[in-house]
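I keep these notebook entries for a reader who is new to the structure shown below. Each entry records what I looked up.

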Amino acid sequence: MPTSDTARDAGAAFGEPAVLRPSLLLHSCCGPCSTAVCERLAPGFRITVYFCNSNIDDEAEYKRRLEAEQKFVRQYNASGKMIEPLGLVCAPYAPKAFLRLARGLEGCAEGGARCRACIADRLEKTAAFAALNGYGAFSTTLSVSRHKNYEMIRGIGKALALRYRLAFEGADFKKGGGEQRSIELSKAYGLYRQNYCGCRFSKAEAEARAGGGERNVAE
Ligand code: SF4
């Protein structure tokens, strides 16, 4: 816990929140993944969810995922059980820019060079927004998924943290049952949970897996 007893006491004396938590901008890939990560980070941070996902290929799908994120934040904040309310900021949606970024990497398997570029792009936008708006730290929900390479995410996050002079809160959120917890919570909140990562290439991969009898899983 980053807050000292002195800060806690000073806050209480002036009628302010009893604990002064540092601010954190949380890049979120979708509502379901953000449920478990917010639960884990909430005791230590004032969290603003940053929905920054131009990788999502189809506009209808993008809106569906954004609505799930909004639904989660709304319900979380209305629950009366939260430590502090969540903020929510939506980055501009620029799917053509994502396709330019992925040019030449279309055939890469999920987890490879295309994903590195995609994740670096989303995290860089998150770090830039955090630095510009006075956040002390940033993080991402991406490591909740067993399909995401934690070491890759951590390496990108740490490099951006140095460049933007921020802290990167880069835990492997799938550990300790994080992915299962995100599934449980997204059911409890009644959230739409997609069955592919986001881009048109991952959608085609998921369809191929389903055609081969494999079960699709969300990002
Ligand atoms: S599979 Fe997911 S992480 Fe990889 S490029 Fe597509 S949207 Fe980005």
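**Entry 1: helix α2 and helix α7**

The contact is made by G31, P32, C33, T35, A36 and E39 of α2 and by G178, R181, S182, L185 and S186 of α7; contact requires C-beta atoms, placed from the backbone, within 7 Å of each other. By class I noted four nonpolar, five polar and two charged residues in this contact. Ala, Val, Leu, Ile, Met, Phe, Trp, Tyr, Cys and Pro count as nonpolar, Asp, Glu, Lys and Arg as charged, and the others, Gly among them, as polar.

The model is predicted: local features need pLDDT of at least 70, side-chain atom pairs count only at pLDDT 80 or more, and totals for chains, interfaces and linings use all residues. Residues are numbered from 1 along each chain as its sequence is written.

I then read the geometry: α2 and α7 (residues 178-188) pack at about 115 degrees, with their axes 8 Å apart. The two are therefore roughly perpendicular (65 to 115 degrees; under 35 is roughly parallel, over 145 roughly antiparallel, the rest oblique). Axes are lines fitted to C-alpha atoms, for helices over the stretch in contact, and angles run from 0 to 180 degrees between N-to-C directions.

**Entry 2: helix α2 and helix α3**

The axes of α2 and α3 (residues 59-78) come within 8 Å and cross at roughly 30 degrees, so α2 and α3 are roughly parallel. In this contact I found five nonpolar, three polar and three charged residues.

**Entry 3: the sheet**

I traced an open sheet of five strands in the order β3-β2-β1-β4-β5, with parallel pairing. Strands (E, at least two residues) and helices (H or I, at least four) are DSSP runs numbered from the N terminus, and two strands pair if DSSP finds at least two bridges between them. β3 (87-90) and β5 (167-168) stand at the edges with a single partner strand each, so one side of each has no neighbour in the sheet. Helix α2 (residues 31-41) packs on the sheet and touches β1 (23-28), β2 (46-51) and β4.

**Entry 4: R165**

I found R165 in the loop between α6 (150-164) and β5. Its phi is near 55 degrees, a positive value in a residue other than glycine. R165 is exposed, with 9 other C-beta atoms within 10 Å (exposed means 12 or fewer, buried 20 or more, partly exposed in between, with C-beta atoms placed from the backbone).

How values were computed: Two residues are in contact if their C-beta atoms, placed from the backbone, lie within 7 Å.
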